[in-house]
Amino acid sequence: MMENLQPGQKLARGVSRYLRSLGFAPLEEFVPVRGLRVDVMALGPKGELWVIECKSSRADYQSDSKWEGYLDWCDRFFWAVDLEFPTELLSDSAGLIIADPYDAEIVRMAPEAKLAPTRRKKLVQKFARDAARRLQILRDPRPGADGALVSAPAGEKPDW
């Protein structure tokens, strides 16, 4: 499995494992709103929402200009990088996590900026729906015959 992962995905794996140990439910490659895709969104035990952006290299970081848009969708924002990453490039206004494919550690806690209650509710609901869909796809990747959804013949109503 590890050989199929990109460097940033390996960092996300280690970050997710670490967050689970803290009681968080992480979801990788989460889309809070159209046009934004965060590497890891984590729902905490008290309902807090953290966004973690994983950067595997200087070029990866310098090519990302969307990260400030993520701040409106979380209570805390973190960068996750490996030990070789030049951390002086990263903004001090965000948290910092050092990670590898197996684990991670917070080295600088992100400042808290609480989400508005209505945005939090919508975001938690979307998080739950996305997580449930992903779990269902793992359990039943091909619903129906040959992956097609089961349906009644044309012109007939199903009797359920």
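# Exercises on a predicted model

The side chains of Arg37 and Asp39 form a salt bridge, with 3.1 Å from N to O. The model used in these exercises is predicted.

**Exercise 1.** Decide for Arg37 and for Asp39 whether the residue is buried, partly exposed or exposed.

Solution. 
- Step 1. The cut-offs are under 20% relative accessible area for buried and over 50% for exposed, with partly exposed in between.
- Step 2. Arg37 has a relative accessibility of 38%, so Arg37 is partly exposed.
- Step 3. Asp39 has 12%, so Asp39 is buried.

**Exercise 2.** Describe the largest pocket by its volume, its lining and the elements that contribute to the lining.

Solution. 
- Step 1. The space in the largest pocket is about 240 Å³.
- Step 2. The lining consists of 15 residues, and those nearest the centre are Gly8, Arg37, Asp39, Glu53 and Cys54.
- Step 3. Two or more lining residues come from each of helix 1 (7-21), strand 1 (25-33), strand 2 (36-43) and strand 3 (49-54).
- Step 4. Helix 1 gives the largest share, three residues.
- Step 5. Sorted by class, the lining has nine charged, three polar and three nonpolar residues.

**Exercise 3.** Place Lys55 in the chain, then find its accessibility and its partners.

Solution. 
- Step 1. Lys55 sits in the loop between strand 3 and helix 2 (58-62).
- Step 2. Its relative accessibility is 5%, so Lys55 counts as buried.
- Step 3. Asp60 is partly exposed because its relative accessibility is 22%.
- Step 4. Glu53 joins Lys55 and Asp60 in a network of salt bridges.

**Exercise 4.** Which parts of the chain does the pair of Arg120 and Asp75 link?

Solution. 
- Step 1. The side chains of Arg120 and Asp75 meet in a salt bridge of 2.7 Å, N to O.
- Step 2. Arg120 belongs to helix 3 (residues 117-139), while Asp75 lies in the loop between helix 2 and strand 4 (76-81).
- Step 3. The two are 45 residues apart, and the pair links distant parts of the chain.
- Step 4. Both Arg120 and Asp75 are buried.

Notes: Residues are numbered from 1 along each chain as its sequence is written. This is a predicted model: local features need pLDDT of at least 70, side-chain atom pairs count only at pLDDT 80 or more; totals for chains, interfaces and linings use all residues. Side-chain values use heavy atoms; hydrogens and water are left out. On a 1 Å grid over the protein atoms alone, a cavity is a set of points where a 1.4 Å probe fits but cannot get out, and a pocket is an open set with protein on both sides within 12 Å along at least five of seven lines; lining residues have an atom within 4 Å of a point. Grid points are joined across faces, edges and corners, and a volume is the space filled by probe spheres set on the points. Helices (H or I, at least four residues) and strands (E, at least two) are DSSP runs, numbered from the N terminus. Ala, Val, Leu, Ile, Met, Phe, Trp, Tyr, Cys and Pro count as nonpolar, Asp, Glu, Lys and Arg as charged, and the others, Gly among them, as polar. Buried means under 20% relative accessible area, exposed over 50%, partly exposed in between (1.4 Å probe, protein chains only). Contact means heavy atoms within 4.5 Å. A salt bridge is a side-chain nitrogen of Lys or Arg within 4 Å of a carboxyl oxygen of Asp or Glu.
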